[in-house]
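Please look over the structure shown below before reading on, and keep it in view while the report moves from strands to surface and then to charged pairs.

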Amino acid sequence: TYAGSDRYDTEPGLNLRAIYKSQRQHRYFLSLGEAGAIFELTPDLLLQSVIEYEEGRDDSDDSTLSGLDEINATLEGQFTLVKRLGNFSLAGILQPDLLGEGKGLVTFIAAGYDKTLLDGRLHLHTGVDFSWGDSEYMRTEFGITEAESERTGYAAYQPGSGYKSTTVET
């Protein structure tokens with residue numbers, strides 16, 4: 001229900017993306033909450049740049065958040081370098097908070113498998129990523145300040161940088 005919660009849900013997600021492919025094989029796309037470009041540096045090396053909306057958080061999201069400071073919505077960048085190895089791919093990703101709203105920087109390493117069907121009209125993807133947050137990100141998402149501790153009764157907690165999450169996509 002929020003970062004650090006011990007309550008979670010698994011739910012399907014659908015991502016629809018409109019893509020324009022240039023004569024130079026660069027792709028520009030627009031989907032729900034994001035816009036970006038994919039540049040083919042070599043046939044097996046891609047650079048992707050994305051701007052996406054990142055929701056904020058307030059105590060109406062969950063009653064257990066009552067007394068915690070709100071987190072402002074922001075725009076995040078996502079800069080990805082992908083090395084393709086046939087149908088497999090390896091990637092490194094940087095995800096900074098572009099508006100400086102306290103989201104800091106998250107980095108990812110990822111691996112994936114892609115399959116194209118129906119003469120290129122259907123693209124299937126499965127993958128896994130591991131992410132790490134810098135201390136600004138971790139304090140915003142997981143920290144409890146002294147003032148928040150006094151209002152909520154939660155123990156004060158100021159994490160440093162570290163492991164954030166693992167995501168599996170199918």
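Contact, as the word is used here, means heavy atoms within 4.5 Å. With that in mind, Tyr53 touches Gly33, Ala73, Thr74 and Leu75, where residues up to four places away in sequence are not counted. The model is a predicted one, in which local features need pLDDT of at least 70 and side-chain atom pairs count only at pLDDT 80 or more, while totals for chains, interfaces and linings use all residues. Residues are numbered from 1 along each chain as its sequence is written, and side-chain values use heavy atoms, with hydrogens and water left out.

## The sheet

Strands (E, at least two residues) are DSSP runs numbered from the N terminus, as are helices (H or I, at least four residues), and two strands pair if DSSP finds at least two bridges between them. In this model, 9 strands form an open sheet in the order 1-2-3-4-5-6-7-8-9, and the pairing is antiparallel. Strand 1 (17–21) and strand 9 (162–169) each have a single partner strand and stand at the edges, so one side of each is left without a neighbour in the sheet. On average, and with direction ignored, neighbouring strands of this sheet are turned by 20° against each other; the axes behind such angles are lines fitted to C-alpha atoms, for helices over the stretch in contact, and angles run from 0 to 180 degrees between N-to-C directions.

Strand 2 (residues 27–31) pairs with strand 3 (residues 34–42) in the antiparallel sense over 5 bridges, and here Phe29 stands opposite Gly36 in strand 3. These two strands form a hairpin with 2 residues between the strands, in which Gly33 takes a positive phi near 85°. Strand 3 in turn is joined to strand 4 by 8 bridges, and the two run antiparallel. They also form a hairpin, again with 2 residues between them. Within this pairing, Thr42 has Leu45 of strand 4 as its bridge partner, and Ile38 has Gln48 of strand 4.

Strand 4 (residues 45–54) and strand 5 (residues 74–85) run antiparallel and are joined by 10 bridges. Tyr53 stands opposite Leu75 in strand 5, and Glu54 stands opposite Thr74 in strand 5. Although Tyr53 and Thr74 are 21 residues apart along the chain, their C-alpha atoms are separated by 6.2 Å.

## A nonpolar patch

Which residues make the nonpolar surface patch of about 700 Å²? The patch is made by Ile51, Tyr53, Leu75, Phe79, Leu94, Leu98, Leu99 and Leu105. Patches consist of residues with over 30% relative accessible area and no salt bridge, like charges being joined within 9 Å and nonpolar side chains (Val, Leu, Ile, Met, Phe, Trp, Tyr) within 5 Å; accessible areas come from the Shrake-Rupley method with a 1.4 Å probe, and for residues only the protein chains shown count as cover. Strand 4 and strand 5 each supply at least two residues of this patch. Leu75, found in strand 5, counts as partly exposed at 33% relative accessibility, where buried means under 20% relative accessible area, exposed over 50%, and partly exposed in between (1.4 Å probe, protein chains only).

## Salt bridges

Side chains of opposite charge can pair when their charged atoms come close. A salt bridge is a side-chain nitrogen of Lys or Arg within 4 Å of a carboxyl oxygen of Asp or Glu, and the structure holds 6 of them. The table lists some.

| Pair | N to O distance |
|---|---|
| Arg17 and Glu34 | 2.9 Å |
| Asp44 and Lys83 | 2.6 Å |
| Glu54 and Lys103 | 3.5 Å |

Arg17 forms a salt bridge with Glu34. Arg17 lies in strand 1 and Glu34 in strand 3, so this pair ties together parts that are 17 residues apart in sequence. Arg17 is partly exposed at 33% relative accessibility, whereas Glu34 is buried, with a relative accessible area of 15%.

The side chains of Asp44 and Lys83 also meet in a salt bridge. This pair links distant parts of the chain, 39 residues apart, with Asp44 in the loop between strand 3 and strand 4 and Lys83 in strand 5. Asp44 counts as partly exposed at 29% relative accessibility, and Lys83 counts as partly exposed at 34%.

How many residues apart in sequence are the parts that Glu54 and Lys103 tie together? Glu54 lies in strand 4 and Lys103 in the loop between strand 6 (88–96) and strand 7 (105–117), so the parts they tie together are 49 residues apart. Salt bridges that share partners join Glu54, Lys103 and Glu141 into one network. Glu54 is partly exposed, with a relative accessible area of 25%, whereas Lys103 counts as buried at 4% relative accessibility.
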